[in-house]
Amino acid sequence: MSRLPVMTSKRVLTSSSSSENSQDMAPAQKKLRKDPEPVKPHAAATIIGGKRPPVAATRAPISRSVRAVGAATVAVGPSRGVLKPSVASAAPKGGNMKQTAAPTGTKPGGGGTKRHAWDLKGKVSDMEGKLRNYQSKVKSVNEENDILKGTMVQSKMRVTEMERELKRQQSQISEYEDELHALSGVRDKLEKVSSDKSTLQKELSNLEGKYKVMETLRDSQETELQTLTMKLSVLESTLARLQGTLRDTEEEVRSLKETVAEQKDELHAGEMERRRLHNTIQELKGNIRVFCRVRPLVDGGLSKHIQLPTSDIKTITLAKTEESHTGKTADTQKNYNFNFDRVFGPGASQQEVFEEISLLVQSALDGYNVCCFAYGQTGSGKTYTMEGDEFDKTRGVIPRAVQQIFKAAEKLATQGWEFTFTASFVEIYNETLRDLLYTGKASKRPEHEIRKSTNNEVTITNLTYERVSNEDQVLGLIALANQNRSTAQTAQNDRSSRSHSVFQLDIEGVNAGRDVKCKSTLCLVDLAGSERMLKSQSQGERFKEMTAINGSLSNLGIVISALANKEIYVPYRNSKLTYLLQGCLGGNSKTLMFVNIAPESDSFGETLNSLRFASKVNDCVIGTASANRK
């Protein structure tokens, strides 16, 4: 037995507007009570008006055959209306069920006959009619929708075309604006040209007035010119006569100049020959050459106790006046005479001093080891002689020697020579070696030792060796070394060097075309000055430095004395200074010493000791130097 959903007593379908009797509903309710299975009540609603998508696309057709078994079938169609709730009355206990009538709905078939409440089939037929009406309406709406979509596509295409046209119009407008801007610039230029034209016209009128004035001046000057022309003709005749006399005089002057030039050439050649012979004699003699330089006084001039003969550039005399101990005789003057290879007075310039050693520096490129060091008491001008100042005129021996080395190397490069240069800078402070080119942390400063190789070359361990290729690089290293060097203020010198500094430039040359090699070392030393405690008033750390300086200088004197006496054993190892300069003092080297003296009268004792030491050095024979060539 098929079961169809039935209406509950609580809700009623409002599609039919007819009111039914409670007696007509009794048979249906009796049949419902006889069903063996309980049926869950379903709510029924009437949807009025509105449009919804076709139901046939999502669910099966709702029209189907209804059996005449007294059950009710409810069809729900698409609607956009408002859900109207039905009013149901509860059935009394007596078995008669009363139902409240719903509002009158649409009549089926358009007739006036009302459907009974139990005529479900008729109601279903009415609902199917409504469904068909709704489906036809949906179909028409879909057709209208398709038409609107086509219209919308055409509208979009038209909008696209209009946007393109708008962009084209905008670009054209921008072009017009550019043209307008350019035309405005042309207008400004035109206005400027017009103003310039008016200004030029004013200037033209002014120039025309000046031109008239100039014409008047020209007429007057032409008159003066005629007068001057007559005078010029007279002067020309006089000039011709004087030119003849001048030619005769010029020929005479030319001949005199040629004679003077020849004499200068002969004099220069004689000087060069003198220097060459002097160097040859020194090389054959094997002596250490000694130059003496006298520092000028603070206020200029020279002290009375120092005498420099004008006719002799190799002699210096110290004069000391001694008082009579008895008082019966007059004061006596005692002179100390010293002869050196060259003596420079207080007025000697740095260039003049360097010219005397330039040939010695040149020997370094020829393969000879060259050493130059300065000796003297503190404040006597040793550092100024060796290093000088920043200005070109006051540069010292070290920067000038470096400049000459690199210039000579450039000239020799045209002959096939190639040179490599390696620089180092070390100081001996309190008998300890310190690298002046070290740029690391002070706490990580390495220790240095002097080592002597099998070929008698002296080297220093852990020392910084910088490869240099021009003068500026070397000057930069010298500036760095000056910053790191130990200096302090004493009673005799505001900036006294408290250590011995040694600048060393290793030179290696190769001439591949001639298969020749040479190797040499240029060693330039600035010794710390000797001090006396009474004058320097050194205390504490300064006293320790003074003791180390005087000790190393004393050992230098002992070594010099041993060399001068030709002793078998020379105590080079007594100090770091003599051990480091062993190759310069007793080896294969051309050596030059500057002895610097202070001109003050209270420095007479130190000056005398320095000159005696320098004289002893000058008498020291170290042998003939030879070039290191292969």
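Predicted model: local features only at pLDDT ≥ 70, side-chain atom pairs only at ≥ 80, totals over all residues.
N462 sits in the loop between β10 (458-460) and β11 (466-468). Most residues other than glycine have a negative phi. N430 is another case, with a positive phi of about 50° although it is not a glycine. You'll find N430 in the loop between β7 (417-429) and β8 (432-435).

Now for the helix packing, where α5 (residues 397-413) turns up with α3 (residues 350-365) and also with α6 (residues 471-484). Here are the two pairs:

| Helix pair | Crossing angle | Axis distance |
|---|---|---|
| α3 and α5 | about 45° | 9 Å |
| α5 and α6 | roughly 160° | within 9 Å |

Take α3 and α5 to begin with. Their axes are 9 Å apart and the packing angle is about 45°, which makes α3 oblique to α5. The crossing of these helices, α3 and α5, is right-handed. On the α3 side, the contact is made by Q350, Q351, F354, I357, S358, V361, Q362, A364 and L365. Facing them from α5 are V397, R400, A401, Q404, I405, A408, A409 and L412.

Then there's α5 with α6. These axes cross at roughly 160°, and angles over 145 degrees count as roughly antiparallel, so α5 is roughly antiparallel to α6. The crossing of α5 and α6 is right-handed. Here α5 brings I398, P399, V402, Q403 and F406 to the contact, while α6 brings E471, V474, L475 and I478.

On to charges. Side chains of opposite charge can pair when their charged atoms come close. The structure holds 10 salt bridges, and one of them joins the side chains of E600 and R295 at 2.8 Å, N to O. E600 lies in the loop between β16 (590-597) and α11 (604-618), and R295 in the loop between β1 (289-294) and β2 (306-307), so the pair ties together parts that are 305 residues apart in sequence.

Last, a look at the surface. V213, M214 and L217 form a nonpolar patch there, and together they have about 280 Å² of accessible area. As for where that is, V213 lies in helix α2 (residues 120-285).

Note on methods:
Residues numbered from 1 in each chain as written. Heavy atoms only, no water. Patch = residues over 30% accessible without salt bridge, like charges linked within 9 Å, V, L, I, M, F, W, Y side chains within 5 Å. Areas by Shrake-Rupley, 256 points an atom, 1.4 Å probe, with all protein chains shown as cover. Salt bridge = Lys/Arg side-chain N within 4 Å of Asp/Glu carboxyl O. Helix = DSSP H or I, 4+ residues; strand = E, 2+ residues; numbered from the N terminus. Axes fitted to C-alpha atoms, helices over the stretch in contact; angles between N-to-C directions. Parallel < 35°, antiparallel > 145°, perpendicular 65-115°, else oblique. Left-handed = near helix turned anticlockwise from the far one by under 90°. Contact = heavy atoms within 4.5 Å.
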